[in-house]
Amino acid sequence: MISWNHDEIVFYPPEGQGEHKHLVLIIGSQTAVGPEEYYFTYTAPQVYNILPVANPTTDGGYTMTINGTSFGINGASVILEDPLFNSTNDRMEPSSCAIIQQSHEAVVCTVPRGMGNAIHVTLTVDGRSDW
């Protein structure tokens, strides 16, 4: 909490993720009741860059780091997709990149075997995606 008085409370929301989060004010074990309910939404994830960007191999097993903001505190998913994949060729089907670490600013995952370069990467947190 930053400041408060009889008319206003200023605070930082807790770490989190998602949309339409219900805001409840509890003072001295009493829940404040008002004429309407209040909700807020965390910022959607935004990807700034992805590393490594050069010479990935199809052997897999290496880590990929996605840098950005608003990645939440847990439950992110990363899907790797060959943009040329379709049912009539031998390109790789979309695959999950196994999450090793997640913070608000970075997600680190292990790239599966078979993924090379020019792969489309989608990061999803609480149903909202970027890239």
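A residue is termed buried under 20% relative accessible area, exposed over 50% and partly exposed in between, using a 1.4 Å probe and protein chains only. The model is predicted, so local features need pLDDT of at least 70 and side-chain atom pairs count only at pLDDT 80 or more, whereas totals for chains, interfaces and linings use all residues. Residues are numbered from 1 along each chain as its sequence is written, and side-chain values use heavy atoms, with hydrogens and water left out.

Gln102 belongs to strand E11, residues 98-102; strands are DSSP runs of at least two residues, numbered from the N terminus. Gln102 counts as buried because its relative accessibility is 18%. Not counting residues up to four places away in sequence, its contacts (heavy atoms within 4.5 Å) include Gln17, Phe71 and Val107. The side chain of Gln102 also lies close to two backbone nitrogens, as tabulated.

| Backbone nitrogen | Distance to the Gln102 side chain |
|---|---|
| Gly75 | 3.3 Å |
| Ala76 | 3.1 Å |

Elsewhere, 4 strands form an open antiparallel sheet in the order E10-E9-E13-E14. Its edge strands, E10 (95-96) and E14 (128-130), each pair on one side only; pairing requires at least two DSSP bridges between two strands. Strand E13 (residues 120-125) is joined to E14 by 3 bridges in an antiparallel arrangement, and Thr124 stands opposite Ser129 in E14.

Phe11 lies in the loop between strand E2 (9-10) and strand E3 (21-23). With a relative accessible area of 37%, Phe11 is partly exposed.

Key. Polar contact = N/O pair within 3.5 Å; in protein donor to acceptor, adjacent residues only side chain to side chain.
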